[in-house]
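Visitor: I'd like to go through this model with you, one part at a time. Can you put it on the screen?

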Amino acid sequence: MNSNLLGAKGEQSAARFLRKEGYEIISANYKTLIGEIDIVAQKDNVVCFVEVKTRQEGGMFPPSAAVDIKKQENIKSSVANYVNKYKIKNEIRYDIIEVLVNGNTVTNINHIKTFLKIIIK
């Protein structure tokens with residue numbers, strides 16, 4: 001499976017997972033000049049900006065290892081753009097969802113909550 005298909009499968013699986021967990025999906029693939037927010041979801045008055053990382057099983061590092069400092073800075077800039085554009089006043093949280101696949105089958109989803117948390121006033 002090529003990386004674009006793998007990423008799309010992971011994002012679809014992550015969105016389904018979030019819905020099952022009681023989140024409302026507000027937006028997907030929100031693009032800015034700096035980067036992209038994979039999923040924007042809300043639950044209990046907290047808006048979550050979710051980075052989805054999908055990898056084949058058996059990798060040396062967990063998918064979340066790909067969210068390095070540069071990627072985090074790009075996410076923060078994209079989130080600031082989103083928050084300003086849509087006048088978000090809720091508490092916000094940055095999450096990562098790791099999706100592991102074996103061939104074409106999702107084998108594990110790991111939701112890492114609050115890798116960075118900010119309250120917007």
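**After helix 2, and onward**

Guide: Helices (H or I, at least four residues) and strands (E, at least two) are DSSP runs numbered from the N terminus. This is a predicted model, where local features need pLDDT of at least 70, side-chain atom pairs count only at pLDDT 80 or more, and totals for chains, interfaces and linings use all residues. Residues are numbered from 1 along each chain as its sequence is written, and side-chain values use heavy atoms, with hydrogens and water left out.

Visitor: What does phi do just after helix 1?

Guide: Gly22 takes a positive phi there, of about 95°.

Visitor: Back to helix 2. Which of its residues are buried?

Guide: Ile75, Ser78, Val79, Tyr82 and Val83 are buried in helix 2. Because they cover an arc of only 140° around the axis, they sit on the same side of helix 2. The arc is that of the directions from the helix axis to the C-beta atoms. Buried means under 20% relative accessible area, exposed over 50%, and partly exposed in between, with a 1.4 Å probe and protein chains only.

Visitor: And which exposed residues are on the face turned away from that side?

Guide: Ile69, Lys70, Asn84 and Lys85.

Visitor: How far does helix 2 reach?

Guide: Helix 2 has 18 residues and reaches 26 Å from its first C-alpha to its last, close to the expected 26 Å at 1.5 Å a residue. The expected span is 1.5 Å times one less than the number of residues.

Visitor: New topic: the largest pocket. Which residues line it?

Guide: The lining consists of Ser3, Leu6, Gly7, Glu11, Asp38, Glu51, Val52, Lys53, Thr54 and Arg55. A pocket is an open set of points on a 1 Å grid over the protein atoms alone, where a 1.4 Å probe fits, with protein on both sides within 12 Å along at least five of seven lines; lining residues have an atom within 4 Å of a point.

Visitor: Which element gives the most to that lining?

Guide: Strand 3, with five residues. Helix 1 (3-20) and strand 3 (46-56) each supply at least two.

Visitor: Where is Ala65?

Guide: Ala65 lies in the loop between strand 3 and helix 2 (69-86). Its C-alpha is separated by 9.1 Å from that of Lys53, 12 residues away along the chain.

Visitor: Why does Ala65 count as partly exposed?

Guide: Because its relative accessibility is 48%.
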